[in-house]
Amino acid sequence: MSDLPVLPPLPDHDLAWMARALELARGAIGLSDPNPRVGCVIVAEDGTVLGQGHTQQAGGPHAEVMALRDAQARGHAVKGATAYVTLEPCSHHGRTPPCCDALVAAGVGRVVAALQDPNPQVAGRGMARLRASGIDARLLDAASEPAQGARALNIGFFSRMVRARPWVRLKTAASLDGKTALPDGTSQWITGEAARADGHRWRARAAALLTGAGTVLDDDPRLDVRGLTIARQPTLVVVDSRLQTPLDARLFAAERPVWFYAAAPEDARADALQARGAHLTRMADAQGKVDLAAMLADLARREINELHVEAGHKLAGSLLRAGLVDELLVYLAPKLIGEGLDMFHRPTRTSPLAALADAPALVFHDVQRIGDDLRILARPAGRDAF
């Protein structure tokens, strides 16, 4: 739907309202998956906020409906008002009725959306339906700051809709010289308390957490979100080619789905894991290991938007070598360990680089100090251009 009008540069008050809508959208983190994180604020011509809200859990009301309900609860009529929404209102019957129909029925006069919905079932149809109903419905320039902010908030949703795979974020914590543990595997704690708390916030943002059997066997982690009030625990995904996970592993303690991807054939071990409540999928590659690319495609079919990886250096290295990591979330501690485990495994059979120019290029997306540690978000060059 390329004929949709694009707004010229917005006046300051419009930018402020879209910023407010983005702030509301952040309230849907950890709640709205697999639906996108969307915020909506409805404003009268005199600047009065009539209603506002963000998307609820799947099957619950979307941001526009929440804002309309809020206006009704406040006793406000929205006829002729402007609705600022961080993603194009949906036009199809999914788990809920179309939001564009709700806006038309309410009589709003103007709709400003930050971005077109990448869902093929929408993709401009929502804005077109609004315009056909006489509403001044327009999109922001996709390069504008509000549009970029809305896209960043929903990078996983865009990835699943456009690439048919989740956005894969690989988290690691290391010393300044790149070591994740001592030679004997001791790693608690390289980073400080503030960085560890920040890591839990990134876990909470994801629809699913991914780890490998090696991490389960070595550390017996829970891999859940702690220290935060959340609506749901992310699904846990375990890459376990030979089904080595102990039946009493701590990962089963958290109340959340646990999905195993394996290469091993059906046996009593598989039956025992499934009796523990695990969902098991066999997805072997030619080497008898889990086919990681096929696994990501399967996770997209299961409506996983963002996949947060906390795995050992072998699985992390495999994901990187396969080009399946979209973003690195690296916490660097102001420590020098010397001998120890590297962040990522590089098999001895892998040839060294012939030149520095052959090294995969990364772009620093964000760098912040978290407590005494440094947090770096880095992406392969051009990875988010979809």
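## Salt bridges, annotated sites and a pocket

Arg375 is buried, with a relative accessible area of 8%. Here, buried means under 20% relative accessible area, exposed means over 50%, and partly exposed lies in between, with a 1.4 Å probe and protein chains only. The structure is a predicted model, in which local features need pLDDT of at least 70 and side-chain atom pairs count only at pLDDT 80 or more, whereas totals for chains, interfaces and linings use all residues. Residues are numbered from 1 along each chain as its sequence is written, and side-chain values use heavy atoms, with hydrogens and water left out.

### Salt bridges

The side chain of Arg375 forms a salt bridge with that of Asp198, at 2.9 Å from N to O. The two partners come from distant parts of the chain, 177 residues apart: Arg375 belongs to strand β16 (residues 373–380) and Asp198 to helix α7 (residues 193–205). Helices (H or I, at least four residues) and strands (E, at least two) are DSSP runs, numbered from the N terminus. Asp198 also counts as buried, at 6% relative accessibility.

A salt bridge is defined as a side-chain nitrogen of Lys or Arg within 4 Å of a carboxyl oxygen of Asp or Glu. By this rule, 24 salt bridges are found in the whole structure.

Glu310 and Arg203 meet through their side chains in a salt bridge of 2.8 Å, N to O.

Asp33, Arg37, Arg169, Arg205, Glu306, Glu327, Arg379 and Asp384 are connected in a network of them.

### Positions listed in the record

The unreviewed UniProt entry lists His62, Cys90 and Cys99 under "binding site". These residues span 38 positions in sequence, yet no two of their C-alpha atoms are more than 9.1 Å apart, so they gather at one spot. For "active site", the unreviewed entry lists Glu64. UniProt positions are given in the numbering used here, feature names are shortened, and annotations may be inferred rather than shown by experiment.

His62 is placed in the loop between β2 (49–54) and α2 (63–74). Leaving aside neighbours within four places in sequence, His62 is in contact (heavy atoms within 4.5 Å) with Asn35, Thr55, Cys90, Thr96 and Cys99. Cys90 lies in the loop between β3 (82–85) and α3 (99–106). Among the residues that Cys90 touches, not counting those up to four places away in sequence, are His62, Cys99 and Val122.

Glu64 is found in helix α2. With neighbours within four places in sequence set aside, Glu64 is in contact with Cys40, Val85, Leu87, Pro89, Cys99 and Leu103.

The table gives the accessibility of several residues named above.

| Residue | Relative accessible area | Class |
|---|---|---|
| Glu310 | 14% | buried |
| Arg203 | 9% | buried |
| His62 | 17% | buried |
| Cys90 | 7% | buried |
| Glu64 | 3% | buried |

Met161 is located in helix α6 (residues 155–163). Met161 and Asn119 are 42 residues apart in sequence, while their C-alpha atoms are 5.7 Å apart in space. Besides Asn119, Met161 touches Pro118 and Pro120, not counting residues up to four places away in sequence.

### The second largest pocket

A pocket is an open set of points on a 1 Å grid over the protein atoms alone, where a 1.4 Å probe fits, with protein on both sides within 12 Å along at least five of seven lines; lining residues have an atom within 4 Å of a point. The second largest pocket has a volume of about 680 Å³, where volume is the space filled by probe spheres set on the points, and grid points are joined across faces, edges and corners.

Which residues lie nearest the centre of this pocket? Of the 24 lining residues, they are Leu320, Leu328, Phe344, Pro360 and Leu362. The elements α11, β13 (327–333), β15 (362–370) and β16 each contribute at least two residues to the lining. By class, the lining has 17 nonpolar, 3 polar and 4 charged residues. In this scheme, Ala, Val, Leu, Ile, Met, Phe, Trp, Tyr, Cys and Pro count as nonpolar, Asp, Glu, Lys and Arg as charged, and the others, Gly among them, as polar.
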